[in-house]
Amino acid sequence: MKGRFPIFIILAAISVVVLMLLSLDPGQSERLADMRRAVTLEGEARETAMFVIFVAIAGFAAYLTFTRR
């Protein structure tokens, strides 16, 4: 675990630098904004996704509770 922690920091730093470089170009920034708007869940799809995530987390919590000795 001790050796993996810096890898996460390095990946996060690289992600931030890449996002900063992409946001400097107005055309690329606009395309990224359009892409973000296109994948945003709205209405019933958002509620369904939240419910599925809730069921998954509750199921995992129940699994951990019932399998603990």
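The exercises below work through the fold, the annotated spans, the salt bridges and a surface patch of a predicted model.

Residues are numbered from 1 along each chain as its sequence is written, and side-chain values use heavy atoms, with hydrogens and water left out. As the model is predicted, local features need pLDDT of at least 70 and side-chain atom pairs pLDDT 80 or more, while totals for chains, interfaces and linings use all residues.

**Exercise 1.** Describe the secondary structure and overall spread of the protein.

*Solution.* 
- Step 1: The protein has 3 helices and 0 strands (DSSP runs numbered from the N terminus: helices are H or I, at least four residues; strands are E, at least two). Along the sequence the pattern is α-α-α.
- Step 2: The radius of gyration is 19 Å, well over the 11 Å from the globule rule for 69 residues, so the protein is more spread out than a compact globule. This radius is taken over C-alpha atoms, and the rule is 2.2 Å times the number of residues to the power 0.38.
- Step 3: Along the principal axes, the C-alpha atoms fill a box of roughly 55 × 45 × 5 Å.
- Step 4: Of the 69 residues, 1% count as buried (buried is under 20% relative accessible area, exposed over 50%, partly exposed in between; 1.4 Å probe, protein chains only).

**Exercise 2.** Trace the salt bridges of R37.

*Solution.* 
- Step 1: The whole structure holds 2 salt bridges (a side-chain nitrogen of Lys or Arg within 4 Å of a carboxyl oxygen of Asp or Glu).
- Step 2: R37 pairs with E30 at 3.6 Å, N to O. E30 is partly exposed, at 45% relative accessible area.
- Step 3: D34 and R37 pair at 2.4 Å, N to O. Because they sit 3 residues apart in helix α2 (residues 26-39), about one helical turn separates D34 and R37.
- Step 4: Shared partners join E30, D34 and R37 into one network.

**Exercise 3.** Locate V52 and its surface setting.

*Solution.* 
- Step 1: V52 lies in helix α3 (residues 44-67).
- Step 2: V52 is partly exposed, at 49% relative accessible area.
- Step 3: F51, V52, F54 and V55 form a nonpolar surface patch with about 410 Å² of accessible area together. Patches take residues with over 30% relative accessible area and no salt bridge, joining like charges within 9 Å and nonpolar side chains (Val, Leu, Ile, Met, Phe, Trp, Tyr) within 5 Å. Areas come from the Shrake-Rupley method with a 1.4 Å probe; for residues, only the protein chains shown count as cover.
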